[in-house]
Amino acid sequence: MTCSPYIFFDGNCKEVLEFYASVFRLEVPETVPYSTIPDMPTEYADRVLHATLPIAGGQIMFSDGPPGFVVAKGNNVAICLALKDKEEIKRIYNELSEDGEILHPLGQTFFSELYCMFDDRFGIKWQLTME
């Protein structure tokens, strides 16, 4: 299991990646654009769906928020757990999301066999995904 912070932005993710890459003396990473998702609104085509930077021995993940996601200080960071065991993902999802708000229900996506995003009952944003 790995645990990484996932930071969301409002259309300026490429600029953020360039800045952090410069500060940490890294190459600007390749990005996955929202245009890879079928039926995505055209105004999101050039926004960043996903990118990672290896900082201080860990991985920080970056994305422009999806349509309908209002990016604001305090809601723009999620804890992302990548797991190999389907049953463990289901267990963690069921327990952590209880009394919380489901933002993306647990299910298959084009990038993961199992994925979800939710706020737990304390307002902490989580993402679970299959490794």
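Two strands are said to pair if DSSP finds at least two bridges between them. In this predicted model, strand 1 (residues 2-9) and strand 4 meet that description: they pair in the parallel sense over four bridges. Tyr6 has Met61 in strand 4 as its bridge partner.

Strand 4 spans residues 58-64 and is mostly covered, with five of its seven residues buried. Strand 3 (residues 48-55) is joined to strand 4 by five bridges, and these two strands run antiparallel. Here Pro54 has Gln59 in strand 4 as its bridge partner. Strand 3 and strand 4 form a hairpin with two residues between the strands. In that hairpin, Ala56 takes a positive phi near 55°.

Strand 6 pairs with strand 7 (residues 115-119) in the antiparallel sense, over four bridges. Gly107 stands opposite Tyr115 in strand 7.

Phe19, Val23 and Phe24 make a nonpolar surface patch of about 300 Å². Phe24 is found in the loop between helix 1 (13-23) and strand 2 (32-33). Phe24 counts as partly exposed because its relative accessibility is 41%, and the partly exposed class lies between under 20% for buried and over 50% for exposed.

Definitions and conventions. Residues numbered from 1 in each chain as written. Predicted model: local features only at pLDDT ≥ 70, side-chain atom pairs only at ≥ 80, totals over all residues. Heavy atoms only, no water. Patch = residues over 30% accessible without salt bridge, like charges linked within 9 Å, V, L, I, M, F, W, Y side chains within 5 Å. Areas by Shrake-Rupley, 256 points an atom, 1.4 Å probe, with all protein chains shown as cover. Salt bridge = Lys/Arg side-chain N within 4 Å of Asp/Glu carboxyl O. Buried < 20%, exposed > 50% of the residue type's maximum accessible area, 1.4 Å probe, protein only.
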